[in-house]
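Let's go through this one together, one question at a time. Have a look first, and then see how your own reading goes with the answers.

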There are 2 protein chains.
Amino acid sequence: MADLIQPRTLKGFRDYPPALMIPREAILQTARQVYRSYGFAPIDTPALEYTEILLGKGGEESDKIIYRFKDHGDRDVALRFDLTVPFARFAAQHVPALGTPFKRYHMGPVWRGENTAHGRFREFWQCDFDTIGTTANAADVESTLVIHDLFQAIGFDRFEIRLNNRLILTGLLEHLGLGDKASAILRCIDKLPKAGHEAVLEEMISLHIPAAGARQVLQLASRKGENREILDLVEGEFGANAKVQEGCRRMKELFAIALEAGIAPERLRLDLAIARGLDYYTGVIFETFLLDLPGIGSVCSGGRYDNLAGLYTKTPLPGVGASLGLDRLLAAMEELKMLPGAASTAQVFMVRFPGVPAGKYESWCRQLRLAEVAVELFPEEKKIGQQLQYAEKRGFRFAIIAGPDDFALAQFKIKELATRTETVIEAGMLLAKMRQFTGIKYPE
Amino acid sequence: MADLIQPRTLKGFRDYPPALMIPREAILQTARQVYRSYGFAPIDTPALEYTEILLGKGGEESDKIIYRFKDHGDRDVALRFDLTVPFARFAAQHVPALGTPFKRYHMGPVWRGENTAHGRFREFWQCDFDTIGTTANAADVESTLVIHDLFQAIGFDRFEIRLNNRLILTGLLEHLGLGDKASAILRCIDKLPKAGHEAVLEEMISLHIPAAGARQVLQLASRKGENREILDLVEGEFGANAKVQEGCRRMKELFAIALEAGIAPERLRLDLAIARGLDYYTGVIFETFLLDLPGIGSVCSGGRYDNLAGLYTKTPLPGVGASLGLDRLLAAMEELKMLPGAASTAQVFMVRFPGVPAGKYESWCRQLRLAEVAVELFPEEKKIGQQLQYAEKRGFRFAIIAGPDDFALAQFKIKELATRTETVIEAGMLLAKMRQFTGIKYPE
């Protein structure tokens with residue numbers, strides 16, 4: 001016999017066994033439903049693209065982390081490292097035919113050959129949604145509502161969407177005569193939550209930003225209070241700048257409409273310290289925090305940009321959207337004990353007895369499935385105890401136990417595995433009872 | 001301005017715009033539901049693996065088509081070319097802890113640098129399901145039922161699952177003294193439907209298979225008739241061979257149980273000419289044909305094997321399963337005009353008028369979404385005609401048209417876009433009416 005090959009995955013990659021994959025599928029399905037409820041439509045793009053396309057912006061960082069190689073046709077190809085760049089390429093190619101506004105969601109794996117410290121994986125899933133082809137504030141408002149509905153639908157109660165608007169920050173910097181240093185300053189502001197006021201001030205001064213201006217920026221960024229109050233204050237002080245004014249107007253409208261649409265006011269918080277260093281954001285900015293686990297950072301981030309696909313087309317494509325970090329969210333839910341841990345997709349387990357024709361079990365199982373009750377039938381005539389052990393290990397809620405005697409009496413025993421309580425029901429009631437037990441309501 | 005990068009995909013790769021992606025998501029969701037209704041649980045494995053793992057069997061063919069390269073850590077890595085090899089590796093690693101029987105489904109993209117002729121893609125999706133750790137015929141029966149339910153749930157009426165059993169074929173060859181030529185003969189038999197009786201006979205003779213034996217094999221493989229009849233005949237002639245006998249017994253039981261479970265008999269057809277050249281099948285074999293498009297070949301194939309993971313573990317893992325070829329199926333559905341062609345995920349479109357506060361629209365839309373009616377609100381106050389044009393292009397079924405006058409009268413106009421019929425309804429009836437129009441029933 002040949003030597004065995006050691007079964008293993010690459011460093012930074014992992015398998016998803018059922019206990020991890022069932023929650024992942026649940027979140028993906030929830031995201032799909034929420035995105036669809038607003039009319040976002042799914043797209044997909046290839047995992048492999050021309051390297052030239054993916055590295056378009058030529059960021060050194062991307063260059064280092066990208067999985068890049070020559071294919072069979074000697075093409076320089078690479079695995080996508082996010083879903084934004086492929087979407088930009090897609091938009092340049094297809095949006096002329098598809099028309100705007102174009103609202104898409106895209107969920108799939110991306111690959112980055114990064115350092116695997118801090119629980120980072122080299123393959124992870126992103127779930128993006130974007131509205132492109134419109135500068136309307138309505139799209140900013142809608143993106144906020146989508147993020148809200150998404151976290152509510154996943155099952156979070158204590159979360160907060162922190163919002164800012166680049167127009168306010170850049171307008172303010174212009175007003176203070178610091179417009180040419182905007183990028184450096186925005187990157188400094190991003191460090192505020194972790195590094196603190198003093199350290200960031202020092203860094204700004206070391207970057208030759210005048211101390212007075214730096215102090216003013218930091219004071220503004222740290223302002224706490226009710227959203228509307230802060231905006232009124234900022235407008236009062238800096239409203240002479242047209243960008244500040246427009247930024248404040250859009251944010252006020254956003255908060256007002258969200259409130260009118262029924263979003264709890266504490267879910268949305270203006271935070272002028274969110275800058276999101278990426279140069280391409282130009283308007284509203286989103287970050288989403290789980291209040292019971294703020295340390296993991298934002299689990300859904302995004303914002304408005306002026307030009308998605310400038311590398312591939314001369315048609316300007318403004319848009320707004322956000323990206324859900326699926327793996328970070330799953331890790332958070334695991335820590336918050338929000339994952340059920342079951343390794344079964346069905347709630348009902350059917351025990352198989354010797355002496356009962358297999359067709360009997362199969363036909364009852366089939367009827368249950370037609371009544372929308374998922375049921376697993378054990379394939380072997382093992383001892384009943386062994387079968388029930390299997391069912392408990394997999395996390396089934398109910399076992400249907402019916403041997404030759406029960407079939408003779410036209411009855412089924414239903415065992416609730418956690419409590420070990422047993423109920424005997426007439427055969428004719430099986431479908432109705434199992435629908436009731438598993439929480440499925442009869443249609444009218 | 002810098003030169004633009006030409007937006008394009010690699011040869012053999014393609015984008016999925018909404019009109020193609022919406023049906024793909026629908027099929028995946030259907031497959032998920034069917035697999036789950038039998039208790040199959042999802043898993044996922046990395047796209048990238050050690051090349052050694054993926055090429056384990058060292059097939060020259062795999063070696064040629066695999067996307068293989070050195071990663072940042074100089075590891076020899078490759079993209080998975082199917083879901084079976086990763087599952088074998090996964091099973092060797094995890095099944096000891098997960099326990100058996102283990103029933104999993106796995107849906108995801110695979111990559112092959114193949115010739116792109118005949119509409120073949122280099123990236124395509126597979127949807128596999130398998131039951132491992134049991135040799136019970138119950139698992140063969142269940143796999144058949146899963147394939148049946150899958151095609152029925154996707155919406156096919158005219159399809160046929162063709163079954164065979166390797167035990168019958170190999171037992172028969174043993175009986176005829178041709179056991180040592182089994183692999184070559186099975187590969188010849190696979191060519192029967194395309195090449196025809198005479199050509200295959202000639203090929204077999206050219207391979208030094210005795211003409212008498214070759215004739216007998218081909219005669220048997222071409223036998224037509226009712227499933228039970230053929231099996232009785234085969235058993236009568238060759239039942240002295242233990243493998244033939246066991247193969248016939250398992251197949252008879254399979255057909256009998258499927259019938260008892262309520263499967264229409266014409267959906268399952270014994271076809272002794274299906275050999276599926278792959279060496280690793282050892283028992284039942286499945287192929288699935290769309291009767292209105294038989295030329296595209298089998299859209300769901302699989303079978304029973306004795307040892308899934310022999311390259312990675314000494315523990316024998318027998319199993320049975322099948323793989324749905326998603327892209328081939330989508331192409332078939334497109335040809336059969338089974339794809340709706342809509343590019344919208346919502347059925348209802350809300351027009352936005354100037355002079356109505358945005359919050360009014362958002363709050364009605366939010367109520368509709370809470371009532372499970374997906375609705376898209378146009379983001380801009382464009383001319384009503386332009387908004388309706390957009391809605392028609394996207395394939396919305398209904399438009400809700402409400403301007404300032406309608407809000408004053410507490411009413412909405414509902415336009416069915418295909419027929420251009422308009423209904424006026426009271427505001428208080430909006431949720432109920434839209435649920436009714438879009439086919440959602442009220443819960444009790």
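**Questions and answers**

Q: Does A:His208 count as buried or exposed?
A: A residue is buried with 20 or more other C-beta atoms within 10 Å of its own, exposed with 12 or fewer, and partly exposed in between, the C-beta atoms being placed from the backbone. A:His208 has 8 C-beta neighbours inside 10 Å, so it counts as exposed.

Q: Where does A:His208 lie, and what is its phi?
A: A word on the model first: it is predicted, so local features need pLDDT of at least 70 and side-chain atom pairs count only at pLDDT 80 or more, while totals for chains, interfaces and linings use all residues. Residues are numbered from 1 along each chain as its sequence is written, with chains lettered from A and ligands numbered from 1 in the order in which they are written. A:His208 sits in the loop between helix H9 (197-206) and helix H10 (211-221) of chain A; helices (H or I, at least four residues) and strands (E, at least two) are DSSP runs numbered from the N terminus. Although A:His208 is not a glycine, its phi is positive, at about 65°.

Q: What is the phi of A:Ala410?
A: A:Ala410 is in the loop between helix H16 (404-408) and strand E15 (411-416) of chain A. Because 10 C-beta neighbours lie inside 10 Å, A:Ala410 counts as exposed. Most residues other than glycine have a negative phi. For A:Ala410, phi is positive, near 55°.

Q: At what angle do H5(A) and H12(A) pack?
A: Axes are lines fitted to C-alpha atoms, for helices over the stretch in contact, and angles run from 0 to 180 degrees between N-to-C directions. The two helices are oblique, because angles under 35 degrees count as roughly parallel, over 145 as roughly antiparallel, 65 to 115 as roughly perpendicular and the rest as oblique. Helix H5 (residues 137-154) and helix H12 (residues 242-260) of chain A have axes 10 Å apart, and the angle is about 50°.

Q: How many residues does each chain bring to the contact of chain B with chain A?
A: Two residues are in contact if their C-beta atoms, placed from the backbone, lie within 7 Å. Chain B gives 84 residues, and chain A gives 84.
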